[in-house]
Amino acid sequence: MATPTAKGDTHKDDPVRKDGSKTSSVSSLTDKKASGSVDERAASTDDLVDEPPKPFRWTSWLFRQKYTPIDLDAISTRRSVYDDPVLAEHYMPRADYENNHRLDISARWTYREEKDLVRIIDWKVMLWAAISFSALNLDRGNLTQANTDNILPDLKMTTNDYNFGNSLFRLAFLSAELPSQLVSKRLGPDVWIPIQMCGWSIVTMAQFFLTGRTSFLLCRAFLGFLQGGFIPDLILYMSYFYTKNELPLRLALFWMSSQVCTVAGSFIAFGVLRMRGVLGKEGWRWLFLVEGGLTLLIGIATFFKMPPGPTQTKTWYRPKGWFTERQETIAVTRVLRDDPTKGDMHNRQALTLKLLWNALLDYDLWPLYIVGLLFGIPASPPGQYLTLSLRGLGFNTFETNLLTIPSAVATIITMWMITIISETIDDRSIVAMMEDLWLLPFLIALRALPDNPDPWLFYGLATALLAYPYTHPIQVAWCSRNAGGVASRTVNASLYNMFVQASGIIASNIYRKDDAPNYRRGNTVLISICAFNCFILYPSVKAYYIWKNKTRAKIWDAMTSEEKAHYLETTTDSGNRRLDFRFAH
């Protein structure tokens with residue numbers, strides 16, 4: 001959130017950071033506090049950092065641009081609205097905020113301290129979040145591997161039944177999003193997430209006993225309902241530890257783990273599907289049982305791996321906790337300095353119907369919901385039908401599972417690169433559009449293939465298409481940043497994900513049996529949607545947020561500090577409705 005800042009006078013004797021900007025070391029800060037000639041308020045704020053230092057970029061090295069390393073012992077505390085004595089009180093967290101006892105606005109820390117802290121958070125929070133998300137994707141995506149072992153003929157089903165099962169899964173997933181968020185905010189994501197994981201793992205294992213179309217559809221519906229809300233819950237949990245600039249890259253790692261899971265799942269399937277005939281059962285039954293059992297173990301472990309927040313890591317089985325008191329102070333203060341709205345609710349506070357309704361009516365996020373509905377459709381059918389198409393072209397079960405690995409590995413690389421680009425140039429809309437721009441020529445090429453294409457030509461085109469830079473992590477962080485408050489962030493993340501799931505329902509019904517095997521009609525539809533996204537949707541969303549920011553800035557920048565304080569004290573606007581909020585685009 002863009003908020004006004006209080007800039008202190010810059011002193012000529014301030015130490016100069018190696019990148020050329022002025023800052024203060026911890027020792028010089030102590031000297032200033034001891035000096036009676038320095039104004040007390042200036043001494044408490046003139047050591048703050050106005051702009052984050054530029055990190056090393058390979059592009060800078062490539063183009064011979066000068067890069068100066070960061071002085072790790074310099075103060076890294078960012079200036080924020082808390083440093084304005086007139087406005088600060090209007091941004092303080094609520095009295096029952098769980099981390100109040102560690103919030104210290106006067107605290108200062110160095111780049112070295114912050115780097116060490118973030119490293120701990122990455123190992124403790126990010127790593128287990130990625131493992132948990134991999135468990136979701138392992139159980140959500142194993143139906144694709146089961147297709148290579150003839151699950152549809154074994155259960156006497158058609159591809160239309162397969163499409164209907166996918167649609168039912170997504171519909172249940174979608175319908176569970178908001179209820180899951182209500183439960184999560186009341187119990188806490190640290191409690192609700194492992195409950196969800198154990199629940200869907202048991203249903204996955206139960207697919208060992210499938211008997212036909214009815215049991216297949218019931219299991220898909222139960223899986224969707226239990227998994228719905230998991231992703232927004234986990235993102236909300238991660239936002240307790242990371243700043244808004246750190247979160248997108250972590251979300252990229254988050255979704256990269258799903259591709260790693262795809263690769264691992266292919267190798268697991270390669271081995272487990274060879275169990276066809278063991279105890280007279282098909283290989284795909286053993287696949288569901290083995291992978292469901294694996295994710296159940298991860299779900300049980302998650303009860304012990306997710307503390308409620310940065311100041312609540314100590315417990316009977318973790319007596320020393322993860323952080324020192326100093327690190328807890330840095331963890332809490334830096335996150336609130338970055339986004340004061342994170343103190344609007346505590347982590348066991350339930351959402352009220354009024355908060356829910358206000359979030360639903362937040363029309364400024366509707367453009368992102370439309371993006372969520374349409375951006376993923378062009379890539380979804382080719383991905384869902386890759387294994388079926390490869391089997392139809394003559395590749396056997398084990399070859400097909402191994403042939404899905406290259407596109408998954410390529411997506412890991414392109415996803416990370418596109419997220420780095422987005423944060424480097426500070427753009428979301430145009431960079432996120434690159435996914436559809438990548439897909440468009442490959443969809444046209446697939447549409448133009450002859451009736452009986454060379455299997456390796458089809459595989460090459462499909463693999464190149466599915467190596468697209470997945471921009472969903474950028475858009476999830478974009479939606480979270482534009483929500484402007486914990487309550488709205490919780491609901492709006494669910495709403496965005498509901499539209500993403502709705503896009504999956506649409507995508508699951510574009511390739512139809514009467515259009516097989518080349519799906520020319522379906523690919524024509526995908527090309528049309530892809531072109532609309534590239535040339536109309538994303539540019540329009542960017543233009544809307546630019547207009548909105550300029551309109552607000554014209555009013556806010558014309559106010560004095562006293563007028564701003566009066567507005568903040570008397571306004572009924574909250575979150576992204578306030579005049580001091582600026583939308584990312």
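Asp149 and Arg276 form a salt bridge (a side-chain nitrogen of Lys or Arg within 4 Å of a carboxyl oxygen of Asp or Glu), with the closest N and O atoms 3.2 Å apart. The pair joins distant parts of the chain, 127 residues apart. Asp149 lies in the loop between H4 and helix H5 (151–154). Arg276 lies in the loop between H10 and helix H11 (283–305). Helices here are DSSP runs of H or I with at least four residues, numbered from the N terminus. Asp149 is buried, at 5% relative accessibility, whereas Arg276 is partly exposed, at 38%. Buried means under 20% relative accessible area, exposed over 50%, and partly exposed in between, with a 1.4 Å probe and protein chains only.

The model is predicted: local features need pLDDT of at least 70 and side-chain atom pairs pLDDT 80 or more, while totals for chains, interfaces and linings use all residues. Residues are numbered from 1 along each chain as its sequence is written, and side-chain values use heavy atoms, without hydrogens and water.

The structure holds 23 salt bridges. Another of them also spans distant parts of the chain: Asp364 and Lys548 are 184 residues apart. Their closest N and O atoms are 3.5 Å apart. Asp364 sits in the loop between helix H13 (353–360) and helix H14 (366–374), and Lys548 in helix H24 (residues 520–556). Asp364 is buried, at 0% relative accessibility. Lys548 is buried as well, at 13%.

A local pair occurs in helix H4. Arg119 bridges to Asp116, with the closest N and O atoms 2.9 Å apart. These residues are three places apart in H4, so about one helical turn separates them. An α-helix has 3.6 residues a turn, so residues three or four places apart point the same way. Both partners are partly exposed, Arg119 with a relative accessible area of 41% and Asp116 with 32%. Elsewhere, salt bridges link Arg102, Glu325 and Glu328 in a network.

The largest nonpolar core contains 123 residues. Such a core is a set of buried Ala, Val, Leu, Ile, Met, Phe, Trp, Tyr and Cys residues joined through side-chain atoms within 4.5 Å. Phe230, Leu251, Phe254 and Trp255 touch the most other members. Helix H4 (residues 111–147) supplies the largest share, twelve residues. A separate core has 14 residues, including Tyr91, Leu103, Tyr567 and Leu568.

Phe230 belongs to helix H9 (residues 230–239), where ten of ten residues are buried. Among the others are Asp233, Tyr237 and Ser239. Beyond its neighbours within four places in sequence, Phe230 is in contact (heavy atoms within 4.5 Å) with Ser132, Phe133, Leu136, Ile193, Gln196, Met197 and Trp200.

Helices H10 (residues 247–272) and H18 (residues 405–425) pack with axes that come within 9 Å and cross at roughly 175 degrees. Axes are lines fitted to C-alpha atoms over the stretch in contact, and angles run from 0 to 180 degrees between N-to-C directions. H10 and H18 are therefore roughly antiparallel, a term for angles over 145 degrees. The residues of this contact comprise 16 nonpolar, five polar and one charged. Ala, Val, Leu, Ile, Met, Phe, Trp, Tyr, Cys and Pro count as nonpolar, Asp, Glu, Lys and Arg as charged, and the others, Gly among them, as polar. On the H10 side, the contact includes Leu249, Trp255, Met256 and Phe267. The H18 side includes Ile405, Met415, Trp416 and Glu423.

Conventions:
Helices (H or I, at least four residues) and strands (E, at least two) are DSSP runs, numbered from the N terminus. Angles under 35 degrees count as roughly parallel, over 145 as roughly antiparallel, 65 to 115 as roughly perpendicular and the rest as oblique.
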